[in-house]
Amino acid sequence: MSINGERAMDLLRRISFERLGGTAEEDKAADILISDLATFGISAAKEKFPVTNYRIDQARLTVTKPYSQEYSVTGYGRTGSTDEDGLCAELIYAGDGGEVDLHQSAGKAVILNSRVSLEIYERLCKEKVAAFVSISGNVFDNPQDTDLHHFSIREGHLKHGQIPGVVLRAKDALELLERGASEIRLELFQEDLPVQSCNVVCEITGSLFPEEIIVYTAHFDSVHYSSGANDNGAGSVILMELCRYFAEHQPQRTLRFVWCGSEEYGLLGSFFHVAEHQEDLDKVKLVINVDVAGGFIGRNSTIVTGPQALVDVIDYLCKEHGIAMQLRHDVYSSDSVPFAEMGIPGVNFCRFGAPIHNRFDQLQYISADRLAELGEIVRIFSERTINAAVFPVKRELPDNIKKSMVKYLQNSRGEKMEIPVALK
């Protein structure tokens, strides 16, 4: 194999720590990536961009009727603060936050089954609810073995306003409902923090067609509590192996490698990169994205946001090389999306199965052999594609992908938008 799984694991060990977007830890991981690139002669730079983070100073939920008890909560980031004395409101259970669930909820605090999607948040704002409580985990969780999630809303949510929110364990939510809690006092004090995140970017110039560019992406930030070994340290180290390989085997077309920051906050790094490189987007032929990989237990999966022919080619290659692969022809919520909005096809290579977005996303669930396996099929596909006599992938999106992209973008931005020319 040309992809060295043990070497990839060594790098993964060195970047497996909590790397929230816009923090010193994310910047530390960027420095490690740049240092490793330099060991095989590749010069990389940080592409810095602003993000808005938040700091929770206090989050407290107290049931005031018909009994008095305080419950542990985390603040829902960027939802604003209550008055200094807190917010008192009648409490109701609103399930999934549907239209019927929120009937007559104005001025009340509502309990919701899960984190707040943009659609639900918009509905909360229209109904003028006073506050919301989002349930985290399930009723079987042991508080000593699990973490109370940190959630935050995104820019699309803020267009509809701010409603103070907190996150509550499912076990505590069950107790609260069983005991008939009917009124709460919520105290939430937080502050928005403008910070800087970054992408790590480098290029290998093509030998025959330097004006044609293939972009490789993988995000290197993580979420709260998580070392981000699977999501997405694994994809980041596979990208490093691919970059090393092509540094030693010069491709015929130019390869740009982008390790994206702040993906977990809404693909912020890749959206910034696309916005900053409008002048050369016409040269970009294809995006290859790796997001989650390497689990001992799981399944390889490729999601193609491009022509049907790409699905067929990858299916053929995987069967030729004896690598099991689940294939989908769809939009995948990762760093290929901003390029797809510009009409650039993308291929997302993944391996689903190992834990993500919690404290269990750790190295112990990652296999060097599985990293190498997925990395190798990406390399095989890449080498055939980027060194083709005539580039074989049409720079177009089929109608079904265009429709899915428009729906995805409208949902993520929370508004009807003018459809980009590339998606019409």
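Which residue stands opposite Phe257 in β10? Cys202 does, and the views below show where that pair sits.

**View 1. The whole chain, a predicted model.** Residues are numbered from 1 along each chain as its sequence is written. Because this is a prediction, local features need pLDDT of at least 70 and side-chain atom pairs count only at pLDDT 80 or more, while totals for chains, interfaces and linings use all residues; side-chain values use heavy atoms, leaving out hydrogens and water. The protein chain has 11 helices and 14 strands (DSSP runs numbered from the N terminus: H or I of at least four residues for helices, E of at least two for strands). Its radius of gyration is 23 Å, close to the 22 Å from the globule rule for 424 residues, so the chain is as compact as a globular protein of that length (the radius is taken over C-alpha atoms, and the rule is 2.2 Å times the number of residues to the power 0.38). Buried residues make up 57% of the 424 (buried is under 20% relative accessible area, exposed over 50%, partly exposed in between, with a 1.4 Å probe and protein chains only).

**View 2. Strand β10 and its neighbours.** On one pairing, β8 (residues 183–204) runs antiparallel to β10 over 5 bridges; strands count as paired if DSSP finds at least two bridges between them. Here Cys202 stands opposite Phe257. β9 (residues 209–219) pairs with β10 in the parallel sense over 8 bridges, and Phe209 has Arg253 of β10 as its bridge partner.

**View 3. A right-handed β-α-β unit.** β9, α6 and β10 make up this unit. Right-handed means that, with the strands pointing away from the viewer, the path from the first strand over the helix to the second runs clockwise.

**View 4. The largest nonpolar core.** This core holds 63 residues, and Leu37, Tyr216, Phe257, Trp259, Leu371 and Ile377 touch the most other members. Helix α6 (residues 229–248) gives the most to it, with 10 residues. A nonpolar core is a set of buried Ala, Val, Leu, Ile, Met, Phe, Trp, Tyr and Cys residues joined through side-chain atoms within 4.5 Å.

**View 5. Around Ile377, and a second core.** Leaving aside residues up to four places away in sequence, Ile377 touches Leu317, Cys318, Ile323, Met325 and Phe349 (contact means heavy atoms within 4.5 Å). A second, separate core of 22 residues includes Leu61, Leu91, Val133 and Leu176.
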